[in-house]
Structures are given as C-alpha cells and as structure tokens.
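Please read the sequence and look at the model before going through the paragraphs below.

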Amino acid sequence: MNTQKGLPKEIERKYLIQKPDIEELKKIPGCQATEITQTYLIQKDSGFGRRIRKRGNVGNWEYTYTQKHKIGFGERIELEDKISEQTYLELLKEAEPACHSIQKIRCCIPYEGQLLEIDIYEFSEKYATLEIELSSIDTPVILPEWLNILEDVTDKRGYSNFALSRKLAFPEEMR
C-alpha cells in the first residue's frame, strides 16, 4: 500500500480467469484460503465508495470498513479500519439496496515475489478473478501458467466487485 499526500493508496492489476479448482489451489505451498462476505453501503457525499467485509473462517472472523476513491488507472485511495462485529451488524442496515452481498473465497498465494489474490465467487461456475497489488502501476506482473488468464480487466467497469454485486454475474454470463 502506497501513500499519496498522506493517504493510503491501493495499486493493483485485475484479471478475469477461468474458475480454478479451489481444492487444487489449496494444495499450493503457502496458499491461504479465507471466506469473505462483502457488502456495499449507500454512498455518502464524500465521493468515496463504502463497503464492509466479514473475512476469515468459522469462529475466527475479522470485520472491516473500507472507503475507496479512484484516482487513476488501477489506483485508488483506500481507507480501511477494523471494526467490531456489532459495528458491522449496524452498518449492514446501510447496505446499498441495488447491490447484493458478495460471497467469495479468496486464495492468497505467493508467486514470483508477488501475492496472487484469487477470488472465487459463489455466484459463478465459470469465472473468477486474480488481483495483484503493486508498488507502481508500471511494475511488471508475472502471471502463472497454471491459471487460465482470459483478460486484463483492470479498470473495466463491469468487473469491479461493486458491479458484480449489482448483478451477481460477470459480463460474459449476461450475454
């Protein structure tokens, strides 16, 4: 995470991939799989998108409140705070009515000095996403041969988690 004028910055590339076998991913050395429930909240006047997230595994949950604002290709200001389960439950009342909560399993896998974040969504039988956080948008990305990379979708509107939460489908599944 970088900072720009004192604000934390997230820089990442995102790829549409063919949905991999999660059990095979879990066998890769260093793989850490966690369940995520992500809910978008009604946007306030700040210009920042808001979401809450429940992440972990049964009996061991973490809750976060995140605000994001796009500042460039693959770059966003990201403000994230840990919150209590009670605060999470209160914020659920502010859920954006046009969106559904997203259920996914994230597999974090170290690869060639990078951290692959593979999101496997409950709603899709065919597709998943791969995200790689970078120190700069120009940092070269090394993609693993064992994943079927379909397309670089960095900044393609229909592939953001917010867009996915509206339809619970990838653009390819709606054609």
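This is a predicted model: local features need pLDDT of at least 70, side-chain atom pairs count only at pLDDT 80 or more; totals for chains, interfaces and linings use all residues.

Residues are numbered from 1 along each chain as its sequence is written, and side-chain values use heavy atoms, with hydrogens and water left out.

A pocket is defined on a 1 Å grid over the protein atoms alone, as an open set of points where a 1.4 Å probe fits, with protein on both sides within 12 Å along at least five of seven lines; lining residues have an atom within 4 Å of a point. Grid points are joined across faces, edges and corners, and a volume is the space filled by probe spheres set on the points. The largest pocket holds about 1,100 Å³ of space. Its lining consists of 41 residues, and Tyr 40, Arg 51, Lys 68, Arg 76 and Ser 160 lie nearest the centre. Two or more lining residues come from each of β2, β3 (32–41), β4 (49–57), β5 (60–72), β6 (75–83), β7 (102–111), β9 and α3. Strand β5 gives the most, with six residues. These element names refer to DSSP runs numbered from the N terminus: helices are H or I runs of at least four residues, and strands are E runs of at least two.

Lys 9 is found in β2 (residues 7–18), and its side chain is joined to that of Glu 75 by a polar contact of 3.0 Å. Lys 9 counts as buried because its relative accessibility is 13%; buried means under 20% relative accessible area, exposed over 50%, and partly exposed in between, with a 1.4 Å probe and protein chains only. Gln 38 lies in strand β3 and is buried, with a relative accessible area of 0%. The side chains of Gln 38 and Arg 53 make a polar contact of 2.4 Å.

Next come the aromatic rings. A pair of aromatic rings is described by the distance of the centres and the angle of the planes. Rings of Phe, Tyr and Trp (its six-membered ring) pair if their centres lie within 6.5 Å; planes under 30 degrees apart count as stacked, over 60 as edge-to-face and the rest as tilted. The whole structure contains eight aromatic pairs. One of them is the edge-to-face pair of Tyr 121 and Phe 170, at 5.5 Å centre to centre with 80° between the planes. This pair links distant parts of the chain, 49 residues apart: Tyr 121 is in strand β8 (residues 114–121) and Phe 170 in the segment after α3. Tyr 121 is buried at 0% relative accessibility, and Phe 170 is buried with a relative accessible area of 0%. Phe 170 also forms a tilted pair with Phe 123, at 5.7 Å and 45°. Phe 123 lies in the loop between β8 and β9 (127–133), 47 residues from Phe 170. Tyr 121, Phe 123, Tyr 127, Tyr 159 and Phe 170 form one aromatic cluster.

How many disulfides are there? With a disulfide taken as a pair of cysteine sulfur atoms within 2.5 Å, the count is zero. The sulfur of Cys 31 is too far for a bond because the closest cysteine sulfur, in Cys 107, is 4.2 Å away. For Cys 108 the closest cysteine sulfur is also in Cys 107, at 7.7 Å, too far for a bond. Cys 31 is buried at 17% relative accessibility, and Cys 108 is buried at 11%.

Finally, two residues other than glycine have positive phi values. Asp 155, with phi near 70°, lies in the loop between β10 (149–152) and α3 (161–167). Leu 168, with phi of about 50°, lies in the segment after α3. Asp 155 is partly exposed at 26% relative accessibility, and Leu 168 is partly exposed at 29%.

Key: A polar contact is a pair of N or O atoms within 3.5 Å; within protein, one must be able to donate a hydrogen and the other to accept it, and residues adjacent in sequence count only if both atoms are side-chain atoms.
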